[in-house]
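Thanks for coming. I'll take one protein today and go through it piece by piece. Please have the sequence and the model open.

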Amino acid sequence: LSFICSAKMQTPIIFIEISVRSQGSIVSANPTKSYRNETIQLSIGEKKISYIDKKLEPILSVTYGCLVYQEQVMQIVRDLAGYTYGRSDLVRRAMGKKKMDVMLEEKQNFIYGRDNEDGSVDIKGCIRNGVSEKAAEEIYSQMVTFAQYAFNKSHAAAYAVVGYETAYLKTHYPVEFMAALMTSVMGEPKHIAKYMKNCAEM
């Protein structure tokens, strides 16, 4: 993947960096600019990485303390609150589809846990796992916000690779790239006009 590089940085980067720095899942869904900027600042060392709770470090350290992949949400509910693999996937799906009733129920389970009728523990919950109520609240809130635009790791990585490939082509082969782009939207005047304006600005 040495040919995949940032048009500005002009330096090859390892595969995981492609997915994290370009934020394939984040950029494609167009969340706040500040979140994207913060992630980039963390990845290049301009901002110090911090964690709401130390238990998050082994889960988020590979992505500079930021939630980037759906799999991270699943691991957080498993490691911090004692969810099973199956139930962690249900949480991911509920968040992604914005099922508020399920999300509110799971918030209680995530923070306080849940017992079976016979008194045995069904879900341990964050508090019984040594995570403070305040930290658990903040973590769950971030997961809910993130899950609205999150992709799984393979999807995010694929988007990121395509993004870097197109950035490379546009930088080093601008004429061919823009010609191909406009050819792909022939018959759509609005798109042609937009890309012609882009050509003039390059």
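Where is the place of K55? K55 sits in the loop between helix 3 (33-43) and helix 4. Before I go further, this is a predicted model, where local features need pLDDT of at least 70 and side-chain atom pairs count only at pLDDT 80 or more, while totals for chains, interfaces and linings use all residues. Residues are numbered from 1 along each chain as its sequence is written, and side-chain values use heavy atoms, with hydrogens and water left out. Helices (H or I, at least four residues) and strands (E, at least two) are DSSP runs, numbered from the N terminus.

Back to K55. At 28% relative accessibility, K55 counts as partly exposed. On the terms: buried means under 20% relative accessible area, exposed over 50%, and partly exposed in between, with a 1.4 Å probe and protein chains only. Not counting residues up to four places away in sequence, K55 touches L80, N129, G130 and V131; a contact means heavy atoms within 4.5 Å. The K55 side chain also reaches the backbone oxygen of N129 at 3.3 Å.

Now the overall picture. The protein has 11 helices and two strands, and from the N terminus the order is α-α-α-α-α-α-α-β-β-α-α-α-α. Of its 202 residues, 37% count as buried. Among contacts between residues at least 6 apart in sequence, 53% join residues at least 24 apart.

On confidence: pLDDT is the predictor's confidence in each residue, from 0 to 100. The mean for the protein is 82, and 82% of the residues reach 70 or more. Two stretches stay under 50. Over residues 1-14 that is the case, and the model has 25 contacts beyond four places in sequence for them. Over residues 24-30 pLDDT also stays under 50, with 22 such contacts.

Next, the loop between helix 4 (57-60) and helix 5, where Y64 is found. T63 is in the loop between helix 4 and helix 5 as well. T63 counts as buried because its relative accessibility is 0%. Its side chain makes a polar contact with the side chain of Q72, at 2.9 Å. A polar contact is a pair of N or O atoms within 3.5 Å; within protein, one must be able to donate a hydrogen and the other to accept it, and residues adjacent in sequence count only if both atoms are side-chain atoms. Y64, at 15% relative accessibility, counts as buried. Its phi is positive, near 60 degrees, in a residue other than glycine.

In helix 5 itself we have Q70. Q70 is buried, at 15% relative accessibility. Leaving aside neighbours within four places in sequence, Q70 is in contact with R92, F146, A150, F151 and N152.

Which residues of helix 6 are buried? They are R87, S88, V91, A94 and M95. Seen down the helix axis, these fall within an arc of 120 degrees, so they line one face of helix 6; the arc is that of the directions from the helix axis to the C-beta atoms. Their cover includes helix 5 (70-81), helix 7 (100-112), strand 1 (114-115), strand 2 (121-123) and helix 8 (133-147). After helix 6 comes K98, with a positive phi near 55 degrees.

In helix 7, the buried residues are M103, E106, N109, F110 and I111. What covers them includes helix 5, helix 6, strand 1, strand 2 and helix 8. Just after helix 7, G113 takes a positive phi of about 80 degrees.

Last, helix 10 (residues 174-183), whose buried residues are F177, M178 and M182. Down the axis of helix 10 they fall within an arc of 125 degrees, so they line one face. The face turned away from that buried side carries the exposed residues E176 and T183. Cover for the buried residues of helix 10 includes helix 9 (153-172) and helix 11 (189-201).

That's it from me.
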